[in-house]
Amino acid sequence: MKPIKKIAVFTSGGDAPGMNAAVRAVVRAAVYNDVQVAGIYRGYEGMVEGDIEELDVRSVNHILQRGGTFLKSARSDAFRTKEGRAKGYQKLLQKGIDAVVAIGGDGTFTGAHIFNKEFDFPFIGIPGTIDNDLDGTDYTIGFDTALNTVIDAVDKIRDTAASHNRLFFVEVMGRDAGFIAAHAGVASGALATLIPERETSIESIVEKLDEARRKNKTSSVIIVAEGGKSGDATELARQVAEKAPYYDAKVTILGHIQRGGSPSCFDRNLASRLGVAAVENLLNGERDCMVGIMNHKIVLTPFAKAITDKLTIDPELIRIADILSI
Ligand code: F6P
(Lines give C-alpha, C1' and ligand atoms only; values in the text may rest on other atoms or scores of the structure.)
Protein backbone atom coordinates (compact mmCIF):
# COMPACT_ATOMS: atom_id res chain seq x y z
CA MET A 1 0.00 0.00 0.00
CA LYS A 2 1.28 3.48 -0.91
CA PRO A 3 2.39 5.43 2.20
CA ILE A 4 0.08 8.33 3.06
CA LYS A 5 1.97 11.63 3.01
CA LYS A 6 -0.89 13.97 2.25
CA ILE A 7 -4.54 13.84 3.30
CA ALA A 8 -7.41 15.96 1.98
CA VAL A 9 -10.55 16.69 3.99
CA PHE A 10 -13.95 17.94 2.87
CA THR A 11 -17.49 18.42 4.14
CA SER A 12 -20.49 17.41 2.07
CA GLY A 13 -24.28 17.20 2.26
CA GLY A 14 -26.28 19.32 4.70
CA ASP A 15 -24.03 21.31 7.03
CA ALA A 16 -24.10 20.25 10.67
CA PRO A 17 -22.83 22.04 13.79
CA GLY A 18 -19.50 20.45 14.71
CA MET A 19 -18.26 19.94 11.15
CA ASN A 20 -15.67 22.67 11.68
CA ALA A 21 -14.51 20.97 14.87
CA ALA A 22 -14.08 17.74 12.90
CA VAL A 23 -12.06 19.49 10.15
CA ARG A 24 -9.87 21.06 12.82
CA ALA A 25 -9.28 17.67 14.43
CA VAL A 26 -8.38 16.07 11.09
CA VAL A 27 -5.94 18.86 10.22
CA ARG A 28 -4.23 18.84 13.61
CA ALA A 29 -4.09 15.04 13.90
CA ALA A 30 -2.53 14.84 10.44
CA VAL A 31 0.09 17.49 11.19
CA TYR A 32 0.78 15.80 14.54
CA ASN A 33 1.57 12.65 12.55
CA ASP A 34 3.82 14.54 10.08
CA VAL A 35 1.27 14.27 7.29
CA GLN A 36 0.40 17.24 5.06
CA VAL A 37 -3.23 18.33 4.75
CA ALA A 38 -5.35 20.05 2.13
CA GLY A 39 -8.95 21.25 2.28
CA ILE A 40 -11.34 20.52 -0.57
CA TYR A 41 -13.91 23.31 -0.80
CA ARG A 42 -17.59 22.62 -1.61
CA GLY A 43 -17.40 18.83 -1.20
CA TYR A 44 -17.39 16.64 -4.30
CA GLU A 45 -18.08 19.65 -6.50
CA GLY A 46 -14.79 21.21 -5.37
CA MET A 47 -12.99 17.92 -5.89
CA VAL A 48 -14.17 17.72 -9.50
CA GLU A 49 -13.18 21.36 -10.08
CA GLY A 50 -9.88 21.12 -8.21
CA ASP A 51 -10.92 23.71 -5.58
CA ILE A 52 -8.30 22.40 -3.16
CA GLU A 53 -6.00 24.39 -0.88
CA GLU A 54 -3.23 23.56 1.55
CA LEU A 55 -4.16 23.78 5.25
CA ASP A 56 -1.94 23.97 8.30
CA VAL A 57 -2.54 24.00 12.04
CA ARG A 58 -3.22 27.74 12.03
CA SER A 59 -5.77 27.50 9.17
CA VAL A 60 -8.15 25.94 11.65
CA ASN A 61 -7.73 28.45 14.49
CA HIS A 62 -10.93 29.42 16.29
CA ILE A 63 -13.29 27.28 14.23
CA LEU A 64 -13.99 24.72 16.97
CA GLN A 65 -16.93 26.79 18.22
CA ARG A 66 -18.32 27.88 14.86
CA GLY A 67 -21.40 26.42 13.19
CA GLY A 68 -21.64 25.66 9.48
CA THR A 69 -18.53 24.54 7.64
CA PHE A 70 -15.74 26.87 6.55
CA LEU A 71 -14.90 24.36 3.79
CA LYS A 72 -18.46 24.91 2.54
CA SER A 73 -20.77 22.23 1.23
CA ALA A 74 -22.54 21.64 -2.07
CA ARG A 75 -24.46 19.08 -4.05
CA SER A 76 -22.55 17.78 -7.07
CA ASP A 77 -24.27 16.49 -10.17
CA ALA A 78 -20.87 16.12 -11.85
CA PHE A 79 -19.66 13.63 -9.24
CA ARG A 80 -22.67 11.42 -9.95
CA THR A 81 -21.18 10.72 -13.39
CA LYS A 82 -18.20 8.47 -14.10
CA GLU A 83 -16.49 11.29 -16.04
CA GLY A 84 -16.95 13.66 -13.12
CA ARG A 85 -15.43 11.19 -10.68
CA ALA A 86 -12.50 10.55 -13.05
CA LYS A 87 -11.93 14.31 -13.17
CA GLY A 88 -11.99 14.43 -9.36
CA TYR A 89 -9.48 11.57 -9.21
CA GLN A 90 -7.12 13.44 -11.54
CA LYS A 91 -7.38 16.60 -9.39
CA LEU A 92 -6.48 14.61 -6.27
CA LEU A 93 -3.43 13.13 -8.03
CA GLN A 94 -2.38 16.56 -9.34
CA LYS A 95 -2.44 17.93 -5.79
CA GLY A 96 -0.40 14.98 -4.50
CA ILE A 97 -3.20 13.71 -2.28
CA ASP A 98 -2.93 10.10 -1.09
CA ALA A 99 -6.12 9.77 0.96
CA VAL A 100 -9.35 11.64 1.75
CA VAL A 101 -11.42 12.19 4.88
CA ALA A 102 -15.08 12.79 3.96
CA ILE A 103 -17.35 14.41 6.53
CA GLY A 104 -21.05 14.02 5.82
CA GLY A 105 -24.03 11.68 5.72
CA ASP A 106 -25.27 8.76 3.65
CA GLY A 107 -25.07 10.58 0.30
CA THR A 108 -21.46 11.53 1.02
CA PHE A 109 -20.51 7.97 1.91
CA THR A 110 -22.33 6.50 -1.09
CA GLY A 111 -20.10 8.68 -3.30
CA ALA A 112 -17.00 7.73 -1.33
CA HIS A 113 -17.78 4.02 -1.59
CA ILE A 114 -18.21 4.21 -5.39
CA PHE A 115 -14.98 6.24 -5.69
CA ASN A 116 -13.06 3.70 -3.58
CA LYS A 117 -14.22 0.90 -5.83
CA GLU A 118 -13.52 2.73 -9.09
CA PHE A 119 -10.08 4.10 -8.30
CA ASP A 120 -8.90 2.04 -5.34
CA PHE A 121 -8.32 5.35 -3.55
CA PRO A 122 -8.34 5.45 0.28
CA PHE A 123 -11.37 7.24 1.69
CA ILE A 124 -12.53 7.27 5.29
CA GLY A 125 -15.73 8.89 6.56
CA ILE A 126 -16.81 10.91 9.59
CA PRO A 127 -20.57 10.99 10.28
CA GLY A 128 -21.72 14.62 10.13
CA THR A 129 -25.46 15.14 9.82
CA ILE A 130 -28.12 16.42 12.17
CA ASP A 131 -30.35 13.49 11.16
CA ASN A 132 -28.44 10.81 13.14
CA ASP A 133 -29.43 8.25 10.52
CA LEU A 134 -26.23 6.27 10.03
CA ASP A 135 -25.44 2.79 11.19
CA GLY A 136 -22.12 2.40 13.02
CA THR A 137 -22.29 5.31 15.43
CA ASP A 138 -24.55 6.07 18.36
CA TYR A 139 -24.54 9.75 17.43
CA THR A 140 -23.67 11.77 14.34
CA ILE A 141 -22.00 15.17 14.59
CA GLY A 142 -24.63 17.92 14.82
CA PHE A 143 -27.51 15.85 16.15
CA ASP A 144 -27.08 16.98 19.77
CA THR A 145 -26.82 20.67 18.86
CA ALA A 146 -29.83 20.46 16.54
CA LEU A 147 -31.84 18.80 19.30
CA ASN A 148 -30.96 21.54 21.75
CA THR A 149 -32.04 24.14 19.21
CA VAL A 150 -35.36 22.33 18.78
CA ILE A 151 -35.93 22.05 22.52
CA ASP A 152 -35.17 25.72 23.03
CA ALA A 153 -37.69 26.64 20.32
CA VAL A 154 -40.40 24.28 21.60
CA ASP A 155 -39.99 25.61 25.15
CA LYS A 156 -40.69 29.09 23.81
CA ILE A 157 -43.65 27.93 21.74
CA ARG A 158 -45.04 26.22 24.81
CA ASP A 159 -45.26 29.56 26.63
CA THR A 160 -47.71 30.78 23.98
CA ALA A 161 -49.49 27.41 23.80
CA ALA A 162 -50.10 27.52 27.56
CA SER A 163 -51.05 31.22 27.66
CA HIS A 164 -53.62 30.91 24.87
CA ASN A 165 -54.79 27.30 25.37
CA ARG A 166 -53.55 26.38 21.92
CA LEU A 167 -52.47 23.32 20.08
CA PHE A 168 -49.15 23.62 18.22
CA PHE A 169 -47.84 21.39 15.48
CA VAL A 170 -44.07 21.88 15.43
CA GLU A 171 -42.32 20.55 12.35
CA VAL A 172 -38.71 19.45 12.75
CA MET A 173 -36.16 18.20 10.20
CA GLY A 174 -35.91 14.57 9.21
CA ARG A 175 -36.90 13.76 5.66
CA ASP A 176 -36.33 10.04 6.06
CA ALA A 177 -35.54 9.60 9.73
CA GLY A 178 -37.40 10.55 12.88
CA PHE A 179 -34.51 10.71 15.36
CA ILE A 180 -34.76 14.46 15.92
CA ALA A 181 -38.53 14.24 16.35
CA ALA A 182 -38.43 11.20 18.66
CA HIS A 183 -35.78 12.66 20.97
CA ALA A 184 -37.29 16.14 20.94
CA GLY A 185 -40.73 14.68 21.64
CA VAL A 186 -39.58 13.17 24.91
CA ALA A 187 -37.41 16.12 25.90
CA SER A 188 -40.11 18.72 25.24
CA GLY A 189 -43.02 16.79 26.71
CA ALA A 190 -44.92 16.55 23.44
CA LEU A 191 -48.41 15.07 23.44
CA ALA A 192 -47.57 13.08 20.31
CA THR A 193 -44.60 12.63 18.01
CA LEU A 194 -45.00 11.74 14.35
CA ILE A 195 -42.05 10.14 12.59
CA PRO A 196 -41.41 8.79 9.09
CA GLU A 197 -40.87 5.29 10.48
CA ARG A 198 -44.37 4.96 11.94
CA GLU A 199 -47.86 5.60 10.64
CA THR A 200 -50.23 7.54 12.90
CA SER A 201 -53.85 8.10 11.95
CA ILE A 202 -55.60 11.45 12.29
CA GLU A 203 -58.28 9.65 14.29
CA SER A 204 -55.75 8.53 16.88
CA ILE A 205 -54.31 12.06 17.16
CA VAL A 206 -57.77 13.54 17.70
CA GLU A 207 -58.54 10.79 20.19
CA LYS A 208 -55.37 11.60 22.10
CA LEU A 209 -56.15 15.31 22.08
CA ASP A 210 -59.71 14.72 23.29
CA GLU A 211 -58.51 12.38 26.01
CA ALA A 212 -55.98 15.01 27.17
CA ARG A 213 -58.72 17.65 27.15
CA ARG A 214 -60.93 15.45 29.34
CA LYS A 215 -58.02 15.33 31.76
CA ASN A 216 -57.95 19.14 31.86
CA LYS A 217 -54.98 19.63 29.55
CA THR A 218 -55.47 23.05 28.01
CA SER A 219 -52.57 23.20 25.57
CA SER A 220 -50.55 20.68 23.61
CA VAL A 221 -47.50 20.42 21.41
CA ILE A 222 -47.27 17.77 18.71
CA ILE A 223 -43.86 17.23 17.12
CA VAL A 224 -43.89 16.26 13.45
CA ALA A 225 -40.86 15.10 11.45
CA GLU A 226 -40.93 16.80 8.04
CA GLY A 227 -41.01 13.39 6.35
CA GLY A 228 -43.81 12.11 8.58
CA LYS A 229 -45.81 9.22 7.05
CA SER A 230 -49.08 10.91 7.91
CA GLY A 231 -48.17 14.23 6.26
CA ASP A 232 -46.25 17.35 7.27
CA ALA A 233 -47.29 19.67 10.09
CA THR A 234 -49.40 21.93 7.85
CA GLU A 235 -51.32 19.00 6.42
CA LEU A 236 -51.87 17.45 9.84
CA ALA A 237 -53.11 20.72 11.32
CA ARG A 238 -55.53 21.04 8.41
CA GLN A 239 -56.89 17.55 8.92
CA VAL A 240 -57.21 17.97 12.68
CA ALA A 241 -59.01 21.30 12.18
CA GLU A 242 -61.45 19.52 9.88
CA LYS A 243 -62.20 16.74 12.36
CA ALA A 244 -61.92 18.74 15.58
CA PRO A 245 -62.45 22.47 14.86
CA TYR A 246 -62.68 23.21 18.59
CA TYR A 247 -58.87 23.18 18.82
CA ASP A 248 -57.06 26.44 18.15
CA ALA A 249 -54.30 24.79 16.09
CA LYS A 250 -51.14 26.60 14.97
CA VAL A 251 -48.18 25.42 12.94
CA THR A 252 -44.51 26.29 13.41
CA ILE A 253 -41.92 24.98 10.97
CA LEU A 254 -38.48 25.21 12.55
CA GLY A 255 -36.60 24.70 9.28
CA HIS A 256 -32.94 25.52 8.86
CA ILE A 257 -32.41 27.12 12.26
CA GLN A 258 -31.93 23.49 13.31
CA ARG A 259 -28.76 23.21 11.25
CA GLY A 260 -27.11 26.41 12.43
CA GLY A 261 -25.44 27.69 15.55
CA SER A 262 -22.48 26.99 17.72
CA PRO A 263 -21.93 23.25 18.33
CA SER A 264 -22.73 21.89 21.77
CA CYS A 265 -19.97 20.60 24.02
CA PHE A 266 -21.09 17.07 23.15
CA ASP A 267 -20.74 17.70 19.40
CA ARG A 268 -17.34 19.38 19.78
CA ASN A 269 -16.03 16.40 21.72
CA LEU A 270 -17.59 13.90 19.33
CA ALA A 271 -16.16 15.72 16.30
CA SER A 272 -12.71 15.99 17.89
CA ARG A 273 -12.59 12.29 18.75
CA LEU A 274 -13.84 11.20 15.34
CA GLY A 275 -11.43 13.53 13.50
CA VAL A 276 -8.41 12.09 15.28
CA ALA A 277 -9.73 8.54 14.85
CA ALA A 278 -10.24 9.08 11.11
CA VAL A 279 -6.62 10.15 10.59
CA GLU A 280 -5.15 7.46 12.81
CA ASN A 281 -7.16 4.72 11.11
CA LEU A 282 -6.30 5.97 7.63
CA LEU A 283 -2.62 5.88 8.57
CA ASN A 284 -3.14 2.35 9.88
CA GLY A 285 -4.35 1.28 6.44
CA GLU A 286 -8.13 1.44 6.98
CA ARG A 287 -10.26 2.66 4.07
CA ASP A 288 -13.76 2.50 2.59
CA CYS A 289 -15.28 2.81 6.05
CA MET A 290 -16.74 5.28 8.52
CA VAL A 291 -15.44 5.99 12.01
CA GLY A 292 -18.08 6.13 14.70
CA ILE A 293 -18.49 5.85 18.45
CA MET A 294 -20.61 3.07 19.89
CA ASN A 295 -20.86 2.40 23.61
CA HIS A 296 -18.13 5.03 24.14
CA LYS A 297 -15.63 3.20 21.89
CA ILE A 298 -14.33 4.08 18.42
CA VAL A 299 -15.63 1.60 15.84
CA LEU A 300 -15.18 1.26 12.09
CA THR A 301 -18.11 0.39 9.83
CA PRO A 302 -17.77 -0.31 6.09
CA PHE A 303 -19.40 2.45 4.05
CA ALA A 304 -21.61 -0.17 2.40
CA LYS A 305 -23.09 -1.07 5.79
CA ALA A 306 -23.27 2.46 7.20
CA ILE A 307 -25.42 3.65 4.29
CA THR A 308 -27.73 0.67 3.90
CA ASP A 309 -28.43 -0.48 7.44
CA LYS A 310 -30.66 2.30 8.66
CA LEU A 311 -30.79 2.67 12.40
CA THR A 312 -34.16 2.04 13.92
CA ILE A 313 -35.48 4.42 16.52
CA ASP A 314 -35.16 2.93 19.97
CA PRO A 315 -38.66 1.51 20.74
CA GLU A 316 -37.98 2.34 24.38
CA LEU A 317 -37.96 6.04 23.49
CA ILE A 318 -41.37 5.70 21.83
CA ARG A 319 -42.71 3.72 24.81
CA ILE A 320 -41.48 6.37 27.24
CA ALA A 321 -43.02 9.15 25.15
CA ASP A 322 -46.39 7.36 25.28
CA ILE A 323 -46.22 6.85 29.06
CA LEU A 324 -45.25 10.44 29.79
CA SER A 325 -47.71 12.16 27.48
CA ILE A 326 -50.88 11.14 29.37
O1 F6P B 1 -29.22 17.69 6.97
C2 F6P B 1 -30.23 16.76 6.68
C3 F6P B 1 -31.50 17.44 6.48
O4 F6P B 1 -31.62 18.23 7.59
C5 F6P B 1 -32.79 16.66 6.29
O6 F6P B 1 -33.43 16.28 7.45
C7 F6P B 1 -33.59 17.66 5.50
O8 F6P B 1 -34.63 17.08 4.82
C9 F6P B 1 -32.57 18.23 4.59
O10 F6P B 1 -31.39 18.26 5.33
C11 F6P B 1 -32.87 19.56 4.05
O12 F6P B 1 -31.79 20.02 3.34
P13 F6P B 1 -31.79 21.26 2.38
O14 F6P B 1 -30.83 22.21 2.97
O15 F6P B 1 -31.33 20.74 1.08
O16 F6P B 1 -33.18 21.80 2.37
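**Close-up 1. A22 in helix α1.** A22 sits in α1, the helix that runs over residues 19–32; helices here are DSSP runs of H or I with at least four residues, strands are E runs of at least two, and both are numbered from the N terminus. This is a predicted model, so local features need pLDDT of at least 70 and side-chain atom pairs count only at pLDDT 80 or more, while totals for chains, interfaces and linings use all residues. Residues are numbered from 1 along each chain as its sequence is written, and side-chain values use heavy atoms, with hydrogens and water left out. With a relative accessibility of 0%, A22 counts as buried (buried is under 20% relative accessible area, exposed is over 50%, partly exposed is in between, with a 1.4 Å probe and protein chains only). Setting aside residues up to four places away in sequence, A22 touches I103, I141, A271 and G275, where contact means heavy atoms within 4.5 Å. The C-alpha atoms of A22 and L270 are 8.3 Å apart in space, though 248 residues separate the two in sequence.

**Close-up 2. D267 in helix α9.** Look for D267 in α9, residues 265–283. D267 is buried, at 0% relative accessibility. Its side chain makes a polar contact of 2.5 Å with the side chain of T145; such a contact is a pair of N or O atoms within 3.5 Å, and within protein one must be able to donate a hydrogen and the other to accept it, with residues adjacent in sequence counting only if both atoms are side-chain atoms. Beyond four places in sequence, D267 touches P17, T140, I141, G142, F143, D144 and T145. P17 is 250 residues from D267 in sequence, yet 7.4 Å away from C-alpha to C-alpha.

**Close-up 3. Around the ligand.** The residues surrounding the ligand are R75, I130, D131, M173, G174, R175, E226, H256 and R259, each with a heavy atom within 4 Å of it. Ligand oxygen atoms lie 2.9 Å from a side-chain N or O atom of D131, 2.9 Å from one of H256 and 2.8 Å from one of R259. Taken alone, the ligand exposes 400 Å², and the protein buries 79% of that (Shrake-Rupley areas with a 1.4 Å probe; for residues, only the protein chains shown count as cover).

**Close-up 4. The buried side of α11.** Helix α11 covers residues 315–324, and L317, I318 and A321 are buried in it. They share one side of α11 because they cover an arc of only 100 degrees around the axis, taken from the directions from the helix axis to the C-beta atoms. Part of what covers these buried residues is α6 (179–188).

**Close-up 5. T193 in strand β7.** T193 belongs to β7, residues 192–194. T193 is buried, with a relative accessible area of 15%. Apart from neighbours within four places in sequence, T193 is in contact with A181, A182, G185, R198 and I223.

**Close-up 6. Two loop residues with positive phi.** Most residues other than glycine have a negative phi. R42 has a phi near 60 degrees and sits in the loop between β2 (36–40) and α2 (43–49). R42 is partly exposed, at 24% relative accessible area. D288 has a phi near 55 degrees, lies in the loop between α9 and β10 (289–294) and is partly exposed at 21%.
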